[in-house]
Amino acid sequence: MKIAIVGSGYVGLVTGACFAEMGTEVYCVDIDESKISRLKQGIIPIYEPGLEEMVTRNTQAGRLHFTYNLQEVLPEIEVLFCAVGTPPDEDGSADLKHVLAVAKEIGCYMNQYLLVVTKSTVPVGTAEKIRQTIAGELAKRGVTIPFDIASNPEFLKEGAAIKDFMSPDRVVVGVETEKAKEMMSRLYRPFLLNNFRVIFMDIPSAEMTKYAANAMLATRISFMNDMANLCELVGADVNMVRKGIGSDKRIGNRFLYPGCGYGGSCFPKDVKALIQTAAENRYDMRILKAVEEVNEKQKSVLFHKLRTYYNGILSGKRIAVWGLAFKPETDDIREAPSLVLIRQLLDAGCEVRVYDPAAMEETKRVFGDKIHYSGDIYDTVVEADAILLLTEWKEFRLPSWRVVHKLMSEPVVFDGRNIYDARELTENGFTYYCIGKK
């Protein structure tokens with residue numbers, strides 16, 4: 001089977017490489033000619049562990065191709081995945097202009113049956129808009145060519161995307177016809193050797209499943225952050241609370257870790273989009289509005305702790321920031337707590353020194369020369385008045401506290417991910433603050 005993936009961003013490139021790895025011939029299509037040129041040279045535009053090796057291997061094997069010309073690819077393929085971006089519009093809804101542009105091009109140039117599969121995260125009803133757009137272009141041409149629409153939302157975690165695709169918890173597929181179901185079953189058959197589940201459903205339910213999953217995970221995070229803030233006030237330890245409730249099988253222990261807020265390309269955008277979808281249907285998503293409000297407030301929690309520690313006087317303080325990406329194993333800083341915190345520190349007159357193993361270049365695009373970009377964690381703490389940890393990269397977990405203490409002006413640590421042991425830091429002469437514990 002030959003397929004095309006339109007959109008060679010995070011989702012599209014991972015999807016294309018993984019399908020090629022399982023023996024499918026894949027054409028990755030993107031209108032950005034410079035990106036396609038770089039991909040042909042083996043230059044990967046995103047940071048994702050293992051992806052570069054997989055792309056190189058399958059390109060050399062002749063299973064993975066890159067092009068900016070969809071018209072040339074259409075006669076070769078049976079299935080087309082649309083994986084273009086759906087950025088949030090001004091009102092929080094998903095902007096579908098790129099998705100519908102792909103549908104229009106399909107209608108303009110297709111000449112044989114095609115299964116069109118939406119991989120992008122899109123609101124309920126998008127598949128019908130895609131159908132109408134393709135049908136409209138076919139009508140303009142005066143031709144009748146059969147096609148099917150399907151929905152196959154992605155559930156990839158940045159930093160573990162390849163593992164998630166190759167060994168997923170489940171694959172959700174929304175279809176309307178038996179032919180579409182048979183084709184999607186055939187495409188995913190190589191993965192069935194791992195005994196994972198393909199869950200077939202109607203298209204609107206598949207579209208909603210993606211948003212509902214991300215909204216639920218975001219809700220758990222904001223719930224625990226709210227609980228953590230209350231724990232600090234009443235003298236409880238949120239880590240003990242987390243263990244206590246996580247042992248309940250009805251609750252489980254996933255996504256119950258308090259911190260300084262969630263970010264990334266999915267949770268913030270999808271929560272906003274779901275709230276807007278509800279508003280368009282005259283329904284008020286009160287819980288999700290609270291989830292969003294709690295998260296935005298949580299991104300400032302370390303700044304408030306720092307300001308309280310220094311009695312409101314931060315001007316001239318040198319602050320070390322460990323971690324910029326919204327999570328480990330990615331260079332993605334979209335909606336990251338680091339962006340909020342750094343702006344607050346700069347506004348307060350602080351000198352900011354930062355380090356992240358992967359996200360330094362992305363951060364430079366935002367802040368330019370307003371902050372200092374360090375070569376490692378020890379460089380950040382030279383004569384620093386405080387350390388603020390935002391991302392739980394593995395290399396941050398076991399620093400030499402003796403060296404750090406010697407380099408700092410004042411040994412105080414604000415742990416935004418609760419990865420350090422309070423007793424260990426106290427014994428090494430540090431003042432230590434975390435989330436959800438006095």
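## Before you start

The model is predicted, so to speak of a local feature calls for pLDDT of at least 70 and side-chain atom pairs count only at pLDDT 80 or more, while totals for chains, interfaces and linings use all residues. Residues are numbered from 1 along each chain as its sequence is written, and side-chain values use heavy atoms, with hydrogens and water left out.

L230, L233 and V234 make a nonpolar patch of about 330 Å². Patch residues have over 30% relative accessible area and no salt bridge; like charges are joined within 9 Å, and nonpolar side chains (Val, Leu, Ile, Met, Phe, Trp, Tyr) within 5 Å. A salt bridge here is a side-chain nitrogen of Lys or Arg within 4 Å of a carboxyl oxygen of Asp or Glu. Areas come from the Shrake-Rupley method with a 1.4 Å probe, and for residues only the protein chains shown count as cover.

L230 belongs to helix α9, residues 203-234. Helices (H or I, at least four residues) and strands (E, at least two) are DSSP runs, numbered from the N terminus. With a relative accessible area of 44%, L230 is partly exposed; buried means under 20%, exposed over 50%, and partly exposed in between (1.4 Å probe, protein chains only).

## S120, tucked into a loop

Is S120 buried or exposed? S120 is buried, at 8% relative accessible area. Its place is the loop between β5 (114-118) and α6 (126-141).

The side chain of S120 reaches the backbone oxygen of V84 at 2.6 Å. Setting aside residues up to four places away in sequence, S120 touches C82, A83, V84, T86 and V99, where contact means heavy atoms within 4.5 Å.

## Cysteines without partners

How many disulfides does a search of the whole structure find? The search finds zero, a disulfide being a pair of cysteine sulfur atoms within 2.5 Å. For C108, the nearest cysteine sulfur is that of C82, 15 Å away. C108 is partly exposed at 29% relative accessibility.

C231, by contrast, is buried at 5%. Its sulfur is 11 Å from the closest cysteine sulfur, in C434, and that is too far for a bond.

## P45, between two helices

P45 sits in the loop between α2 (33-40) and α3 (51-60), and is partly exposed at 35% relative accessibility. Beyond its neighbours within four places in sequence, P45 is in contact with S8, L13, K35 and L39.

How values were computed:
Polar contact = N/O pair within 3.5 Å; in protein donor to acceptor, adjacent residues only side chain to side chain.
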